[in-house]
Amino acid sequence: MSTLEIKDLHVSVAAEDGAKEILRGVDLTIRGGETHAIMGPNGSGKSTLAYAIAGHPKYEITGGEVLLDGEDVLAMSVDERARAGLFLAMQYPVEVPGVSMANFLRSAATAVRGEAPKLRTWVKEVKGAMSELDIDPDFADRSVNEGFSGGEKKRHEVLQLSLLKPKIAVLDETDSGLDVDALRVVSQGVNRYRAAGDVGVLLITHYTRILKYITPDVVHVFAGGRIVESGGADLANELEENGYVKYGAGAEAAS
Ligand code: ADP
Ligand code: MG
Ligand code: MG
């Protein structure tokens with residue numbers, strides 16, 4: 001079982017008028033077996049948190065720590081983070097023209113496992129995982145994320161989750177661009193993976209919709225670059241009713 005600890009994290013991005021501080025002291029601990037949801041208005045810095053944990057070069061860490069089982073994540077390369085058991089699914093997954101899904105997934109699995117999966121068992125593994133997620137078999141031959149619909153990109157993320165078997169998974173806006181059927185399939189995929197082991201999940205979302213399918217243990221409200229309130233799953237219902245107005249950062253309702 002793994003623990004991800006985020007301590008007093010400060011992150012800035014370069015802006016035209018100098019560096020702009022986006023994260024202003026984020027404290028969060030996620031233990032294996034727990035699912036935490038982060039909810040907050042647009043522009044509050046939720047994706048910045050995900051990118052900072054992922055090691056995206058645009059985001060400068062100006063203070064604080066991120067530890068995975070006591071190891072300094074911020075000192076690791078992006079590959080090392082994956083090998084250590086961190087999984088980051090991004091709100092806008094990148095397109096990789098000319099690289100088929102099958103090859104992409106096998107390289108990703110090789111990077112994480114430290115050796116290439118045996119081709120025969122790998123093909124079986126991928127086919128099994130794809131059918132569980134109602135993914136068309138032709139998908140394996142298509143270029144990574146090229147021309148994928150929103151739903152296909154999200155299924156792809158959950159497919160990676162089930163194949164790469166991370167210890168801690170950060171899922172950013174996993175519900176965006178999904179119709180109800182796709183939302184159900186994607187949520188079932190995440191739930192299946194949660195049930196199969198001791199994964200710690202950080203689910204970042206603007207809407208409460210996905211939390212009807214994936215029940216979090218803890219809900220954190222994110223505003224102005226930090227966590228301003230934490231509570232149980234009920235807190236999500238309260239947000240759905242009242243929006244984020246009382247947190248003063250964006251008067252937008254949650255749904
Ligand atoms: P959220 O995911 O909560 O909607 P983001 O983390 O995407 O919020 O954005 C938080 C703030 O940081 C916004 O004001 C956004 O414009 C700014 N920001 C995020 N990424 C960048 C970037 N790469 N360059 C400049 N500004 C950025
Ligand atoms: Mg946003
Ligand atoms: Mg975002």
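This is a predicted model: local features need pLDDT of at least 70, side-chain atom pairs count only at pLDDT 80 or more; totals for chains, interfaces and linings use all residues.
Local features were considered only at pLDDT of at least 70 and side-chain atom pairs only at pLDDT 80 or more, whereas totals for chains, interfaces and linings use all residues. Residues are numbered from 1 along each chain as its sequence is written, and chains are lettered from A and ligands numbered from 1 in the order in which they are written.

Helices (H or I, at least four residues) and strands (E, at least two) are DSSP runs numbered from the N terminus; two strands are taken to pair if DSSP finds at least two bridges between them. An open sheet of six strands is present, with mixed pairing and the order E6-E9-E10-E3-E11-E12. Its edges are formed by strand E6 (86-89) and strand E12 (226-231), each of which has a single partner strand, so one side of each is left without a neighbour in the sheet. On average, neighbouring strands of this sheet are turned by 20° against each other, direction ignored. Within the sheet, strand E3 (residues 35-39) and strand E11 (residues 218-223) run parallel and are joined by four bridges; isoleucine 38 stands opposite histidine 220 in E11.

Strand E1 (3-15) pairs with strand E2 (residues 18-31) in the antiparallel sense over 11 bridges. The two strands form a hairpin, with two residues between them. Histidine 10 has arginine 24 in E2 as its bridge partner.

Helix H1 (residues 46-54) has seven of its nine residues buried, so it is largely enclosed by the rest of the structure. A residue counts as buried if 20 or more other C-beta atoms, placed from the backbone, lie within 10 Å of its own. The buried residues are Lys46, Thr48, Leu49, Ala50, Tyr51, Ala52 and Ile53. H1 lies across E3, E6, strand E9 (168-172), strand E10 (200-205) and E11, and runs at about 140° to E9. Contact requires C-beta atoms, placed from the backbone, within 7 Å; axes are lines fitted to C-alpha atoms, for helices over the stretch in contact, with angles from 0 to 180 degrees between N-to-C directions. Just after H1, glycine 55 adopts a positive phi of about 90°.

Ligand 1 is surrounded by Val13, Ala15, Ile22, Gly40, Asn42, Gly43, Ser44, Gly45, Lys46, Ser47, Thr48 and Lys58, where a residue is near a molecule if its C-beta atom, placed from the backbone, lies within 6 Å of it. E1 and H1 are the elements that give two or more residues to this shell, and the largest share, three residues, comes from H1. The shell comprises three nonpolar, seven polar and two charged residues; Ala, Val, Leu, Ile, Met, Phe, Trp, Tyr, Cys and Pro count as nonpolar, Asp, Glu, Lys and Arg as charged, and the others, Gly among them, as polar.

Conventions:
A residue is buried if 20 or more other C-beta atoms lie within 10 Å of its own, exposed if 12 or fewer, and partly exposed in between; C-beta atoms are placed from the backbone. Two residues are in contact if their C-beta atoms, placed from the backbone, lie within 7 Å.
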